[in-house]
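These are my notebook entries on a single protein chain. I record what I looked up, in the order in which I looked.

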Amino acid sequence: MSLGCHMSTAGGLYKAIERAEEAGCSALQIFARNPRSWQVSPLEVSAATRFVSLRKASAIWPVVVHTAYLINLSSPDDVIFDKSLSLFKAELSLAEDLEAEYLVTHLGSPKGRGKDFAMARVTRALQEVKKAGINKNTTILFENSAHKGMTGDDLGEIGELINVAHNEGLRAGLCFDTCHGFAAGYPMTNSGEAETLALTIQEAVGAKGLALIHLNDSKGEAGSGLDRHANIGEGKIGNKALKTFLNAEGIKGIPVILETPKKEADDDIKNLKTARKLLGQKTSSKSQARRGGQ
Ligand SMILES: [Zn+2]
Ligand SMILES: [Zn+2]
């Protein structure tokens, strides 16, 4: 069972692997470039090689790259759409170079133009990605959105887009973010609701559609549309519902990435510990060994 965190790449991409191992992670998510900039500088071969070789020497699986927040593949503005498509293609190439298993992306907003418009826009983007011939081994994961009116606030939409991508011959699946789902109006405050949600996901994307869980509690209320991540067990979802969800059929065994707040130095360690409890895992042998050696 894979469990890890989104880690900083400050000081070099490979540093994220060191940070993940230090925290006892078996999975890792990174930004491969500045997530708040349109600019893409080509990845230095040495940086990619160092990342790939260090990762191979580790037990980390999967490696996940998260795309820039600026990307809006649903945008009605042609200039923004074209820039988003270029950046998305660049991010996919980076992820392929880093031998990442997954590239997680948000689907953007049609800015009030409606669902049909958004679906057509994202479909065109996927066709262009296919034409570029850059998708080889990395699976593109569409992340569900927290806000109503954004593409992917509805899991059925993501299911349709996964089918579109598959028909184009692209690798694609769902990254389900628990905070976003809760904020978008999928109830998850008790065991019954958590079980229903697990079924809803399977119905929307099929038995094999779900590839990754972003495990976050929510500062915002159910249906609030607020994308505000809370520490595990300290938000409005709570440990009981999260535990039932993580252990439900179709969910159990899917890799889990935490995107919880990093205010204190040991926040990751605390959240990982809580997550392990919810997953019924013992403390990872690596962090035990480290503690034993201290
Ligand atoms: Zn995200
Ligand atoms: Zn997320």
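Predicted model: local features only at pLDDT ≥ 70, side-chain atom pairs only at ≥ 80, totals over all residues.

**Entry 1: Glu 99**

Is Glu 99 buried, partly exposed or exposed? I counted 15 other C-beta atoms within 10 Å of Glu 99. I then located Glu 99 in the loop between helix H3 (78-97) and strand E4 (102-105). Its phi is near 55°, a positive value in a residue other than glycine.

Lys 111 sits in the loop that links E4 to helix H4 (115-132). With 16 other C-beta atoms within 10 Å, Lys 111 is partly exposed.

Which residues does a cis peptide bond join? I found Trp 61 and Pro 62 joined in this way, with omega about 0°. Pro 62 belongs to the loop between helix H2 (45-57) and strand E3 (63-66).

**Entry 2: Confidence and overall dimensions**

I checked the confidence next. The mean pLDDT of the protein chain is 95, and 96% of its residues reach 70 or more. Residues 287-294 are a stretch with pLDDT below 50, and beyond near neighbours in sequence I found 2 contacts for this stretch in the model.

How does the radius of gyration of the protein chain agree with that of a compact globule? For 294 residues, a compact globule would have a value near 19 Å; the protein chain has 18 Å, so the two agree. Along its principal axes the C-alpha trace spans about 55 × 50 × 30 Å. Buried residues account for 46% of the 294 residues. Of the contacts between residues at least 6 apart in sequence, 75% join residues at least 24 apart.

**Entry 3: The barrel**

I counted 10 helices and 10 strands in the protein chain. Which strands form the closed barrel, and in what order? The barrel has 8 strands in the order E1-E2-E3-E4-E5-E6-E7-E10, with parallel pairing. From one strand to the next the twist averages 25°.

I then followed E1 to strand E2 (residues 27-30), a parallel pair joined by 3 bridges. Gly 4 is opposite Ala 27 in E2. Between E1 and E2 the chain passes through helix H1 (residues 13-22), and this β-α-β crossover is right-handed. H1 lies across E1 and E2 and runs at about 145° to E2.

**Entry 4: Strand E6 and Gly 173**

I turned to E6, where 6 of its 6 residues are buried and the strand is mostly covered. Strand E5 (residues 139-143) pairs with E6 in the parallel sense over 4 bridges, and Leu 141 is opposite Gly 173 in E6. The chain reaches E6 from E5 by way of helix H5 (residues 155-167), in a right-handed β-α-β crossover. E7 is joined to E6 by 4 bridges, again with the strands running parallel. In E7 I found Leu 210 as the bridge partner of Leu 174.

Gly 173 lies within strand E6 (residues 172-177). Beyond its neighbours within four places in sequence, Gly 173 is in contact with Thr 139, Leu 141, Ile 162, Gly 209, Leu 210 and Ala 211. I also checked Tyr 102, which is 71 residues from Gly 173 along the chain; their C-alpha atoms are separated by 9.2 Å.

Technical notes. Residues numbered from 1 in each chain as written. Chains lettered and ligands numbered in written order. Helix = DSSP H or I, 4+ residues; strand = E, 2+ residues; numbered from the N terminus. Contact = placed C-beta atoms within 7 Å. Pairing = 2+ DSSP bridges. Right-handed = clockwise from strand over helix to strand, strands pointing away. pLDDT = per-residue confidence, 0-100. Axes fitted to C-alpha atoms, helices over the stretch in contact; angles between N-to-C directions. Rg over C-alpha atoms; globule rule 2.2 N^0.38 Å. Buried ≥ 20, exposed ≤ 12 C-beta atoms within 10 Å, placed from the backbone.
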